[in-house]
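Welcome to this short tour. Open your viewer, and we will go from one selection to the next.

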Amino acid sequence: MSEQLNFLRDMTENNPLPFFSVQPQTVIDSLGKETLLQNLEQMLFIRNFEVRAESAYQHGHIGGFFHSYIGQEAIQTACLQAIGHTHWFITTYRCHALALLLGVPPKDIMAEFFGRAAGNAKGRGGSMHLYHDRLLGGFGIVGGQIPIATGAAFSVKYQGKKDEIALCFLGDGAMPQGTFHESLNLASLWNLPCMYVVENNHWSMGTHISRGVANYKHFTECAAKAYDISFYRLDGMDFFNCYGGFLVAFQEILQKGRPVLIECVGERFKGHSISDPGLVMNGKSRRYGTAGRQTLLEL
Ligand SMILES: Cc1ncc(C[n+]2csc(CCOP(=O)(O)OP(=O)(O)O)c2C)c(N)n1
Ligand SMILES: [Mg+2]
């Protein structure tokens with residue numbers, strides 16, 4: 001087994017770093033059966049929607065890029081359940097799930113994929129650029145969304161809105177970017193109500209995190225420490241852990257008026273995008289995400 005695959009095994013199967021502690025039974029008791037079933041349905045809907053869209057792409061009906069969120073559904077579903085919709089949201093090109101969760105009609109997203117004028121961005125944006133009342137966009141430039149989220153948090157604070165925050169999803173590959181560091185610095189200095197959520201799926205396109213991020217196991221936590229920001233590590237494959245962690249982090253932002261940095265450790269089950277066959281880049285036939293657990297089955 002190559003060095004790279006050893007790193008992968010280390011991150012996914014024997015991750016020694018502790019997750020924020022959440023008792024699943026507490027989440028079950030507080031949300032109740034109906035709400036939990038709604039969340040399960042939501043995650044299944046996101047997955048089926050993307051499977052259908054991928055099929056349309058493979059039949060040549062959809063052009064351009066297409067980045068699937070399959071495997072990571074628990075993160076944004078639990079987050080929205082925990083913090084609600086009345087905030088400012090921004091994410092990467094992997095934006096289909098967040099758009100669906102925030103209420104963009106599925107037919108508007110599908111029409112956008114097909115390049116139709118009836119699409120969410122009038123057919124001009126494609127799958128990476130979806131918007132809604134509170135969704136400031138999916139972004140194609142790695143790290144490009146982070147300063148915009150920071151600006152949204154500044155605006156929320158400037159307007160004196162005490163129960164709103166800005167929420168920024170980013171990939172692990174965006175952490176070495178200057179935008180990440182400049183944003184954390186300003187958010188800390190200016191006490192901005194921003195939740196930065198790193199969705200650490202261990203890969204930036206075909207580059208494993210161990211080859212792109214120094215001190216990769218501790219980088220996120222160290223960045224939080226460097227900028228004096230609270231840090232939470234959550235299990236991105238566990239709806240209950242994500243829900244509990246997001247809820248506590250959200251309450252902390254509202255109470256302290258300070259940013260938090262969250263790392264959700266998870267996996268994408270597909271390649272980087274639809275044009276990536278999903279094979280780890282060392283020529284072996286191991287696929288992304290095979291060491292992972294099935295969030296949907298567990299819920
Ligand atoms: C500034 C910039 N550099 C490079 C790229 C090419 N690129 C697109 S996605 C990507 C990997 C990003 O990985 P990560 O942030 O971990 O997000 P994930 O795809 O895993 O969700 C790269 C390098 C880009 N879009 N923007
Ligand atoms: Mg990644």
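Start by selecting E221, which sits in helix α9, residues 219-226. Helices here are DSSP runs of H or I with at least four residues, strands are E runs of at least two, and both are numbered from the N terminus. Residues are numbered from 1 along each chain as its sequence is written, while chains are lettered from A and ligands numbered from 1 in the order in which they are written. The model is predicted: local features need pLDDT of at least 70, side-chain atom pairs count only at pLDDT 80 or more, and totals for chains, interfaces and linings use all residues.

Stay with E221 for a moment.

R233 is 12 residues from E221 along the chain, and their C-alpha atoms are 8.2 Å apart.

Next, show helix α2 (residues 24-58) with helix α10 (residues 239-256): they pack at about 110 degrees, their axes 11 Å apart. That makes the two roughly perpendicular, a label for angles of 65 to 115 degrees. Axes are lines fitted to C-alpha atoms over the stretch in contact, and angles run from 0 to 180 degrees between N-to-C directions. To see the meeting place, select P24, V27 and N39 in α2 with F239, F240, Y243 and G244 in α10.

Key: Angles under 35 degrees count as roughly parallel, over 145 as roughly antiparallel, 65 to 115 as roughly perpendicular and the rest as oblique. Two residues are in contact if their C-beta atoms, placed from the backbone, lie within 7 Å.
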